[in-house]
Amino acid sequence: MLILIRGAGDIATGIGWRLWQCGFDIVMTEIEKPTCIRRTVAFSTALEEGSYTVEGVTAVACPDADAALAAVQKRQVAVIPDPAGRCIPALAPAAVVDAILAKRNLGTRITDAPLVIGVGPGFCAGEDCHYVIETKRGHRLGRVIEEGPAAPNSGQPGNIMGYTGERIIRSTVSGTFQPLCAIGDLVEAGQTVARVGDTELKVQIGGMIRGMLHEGIQVTPGFKCGDVDPRGPQADCTTISDKARAVGGGVLEAILRRYGSRMQ
């Protein structure tokens with residue numbers, strides 16, 4: 001059974017990884033130059049490197065639907081540079097999962113597939129999708145919503161050791177992004193970790209670089225360029241996060257609600 005996931009960032013990867021482990025064929029669509037910062041745990045990195053493996057599952061870059069179908073026959077995750085989802089009719093997936101996490105619907109329709117699942121804010125179950133999966137941390141994380149929307153976007157990153165917005169590295173100007181540190185590096189508060197043109201980007205807190213944009217991405221003021229985990233050496237930047245696994249579990253549940261009895 002083929003599942004198409006719009007988006008291939010870290011949360012979408014957690015979804016795709018969990019579904020792949022359960023035997024589904026996975027095709028993902030992304031923008032041509034991905035802006036995901038947690039690139040070590042994102043299948044979108046396959047578009048930068050040709051192929052990329054996350055926790056034993058390999059994704060490969062594919063130019064079109066035919067190449068994607070050939071990849072899934074080899075039990076690979078296929079990633080297509082197709083942000084508009086033009087490949088959906090050709091692939092005829094059993095389900096479309098919108099995990100772009102744009103906080104708004106960028107064009108997914110309830111008629112795109114027999115089952116359409118929206119991930120996070122911006123979707124309304126029963127209107128533009130059949131189910132919505134909650135992405136807000138807390139008691140409802142990963143819950144399957146049958147009617148209505150997910151919780152609205154709070155605008156605040158997750159709390160780690162009391163730090164929220166301080167963890168995020170944002171550009172203050174427009175220009176070309178140049179990282180000076182790599183994911184996994186330990187940094188100190190005030191350290192310069194990247195440049196946009198001649199402008200230095202400094203971290204507000206010390207810890208481990210858990211996310212960093214790919215070199216050469218064009219950014220604008222306020223653009224999210226990276227993040228710091230204050231746990232430092234105890235942080236984990238190489239495995240799927242608890243949040244991504246929980247959201248992936250919600251998507252799996254939604255698929256099984258629709259198709260479970262037919263998969264005997």
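At 0% relative accessibility, C129 counts as buried, where buried means under 20% relative accessible area, exposed over 50% and partly exposed in between, computed with a 1.4 Å probe on protein chains only. The structure is a predicted model, in which local features need pLDDT of at least 70 and side-chain atom pairs count only at pLDDT 80 or more, while totals for chains, interfaces and linings use all residues. Residues are numbered from 1 along each chain as its sequence is written, and side-chain values use heavy atoms, with hydrogens and water left out.

**Cysteines**

- The sulfur of C129 lies 7.3 Å from the closest cysteine sulfur, that of C124, which is too far for a bond, a disulfide being a pair of cysteine sulfur atoms within 2.5 Å.
- C36 is likewise buried, at a relative accessible area of 12%, and its sulfur is 13 Å from the closest cysteine sulfur, in C237, again too far for a bond.
- By this rule, the number of disulfides is 0.

- Helix α5 covers residues 242-259, and its 18 residues reach 26 Å from the first C-alpha to the last, close to the 26 Å expected at 1.5 Å a residue; the expected span is 1.5 Å times one less than the number of residues.
- Helices (H or I, at least four residues) and strands (E, at least two) are DSSP runs numbered from the N terminus.
- The buried residues of α5 include A244, V247, G248, V251 and Y259, and among the elements that cover its buried residues are β1 (2-6), α1 (10-21) and β7 (115-119).
- The largest nonpolar core has 39 residues, and those with the most contacts inside it are I5, I15 and L19; such a core is a set of buried Ala, Val, Leu, Ile, Met, Phe, Trp, Tyr and Cys residues joined through side-chain atoms within 4.5 Å.
- The largest share of this core, 7 residues, comes from α5.
- A second, separate core of 23 residues includes L4, A71, C87 and A125.

**Helix α3**

- In helix α3 (residues 65-73), the residues A65, A68, A71 and V72 are buried.
- Seen down the axis of α3, its buried residues fall within an arc of 115°, so they line one face of the helix, the arc being that of the directions from the helix axis to the C-beta atoms.
- The face of α3 turned away from its buried side carries the exposed residues D66 and Q73.
- After α3 comes R75, whose phi is positive, near 60°.

How values were computed. Contact means heavy atoms within 4.5 Å.
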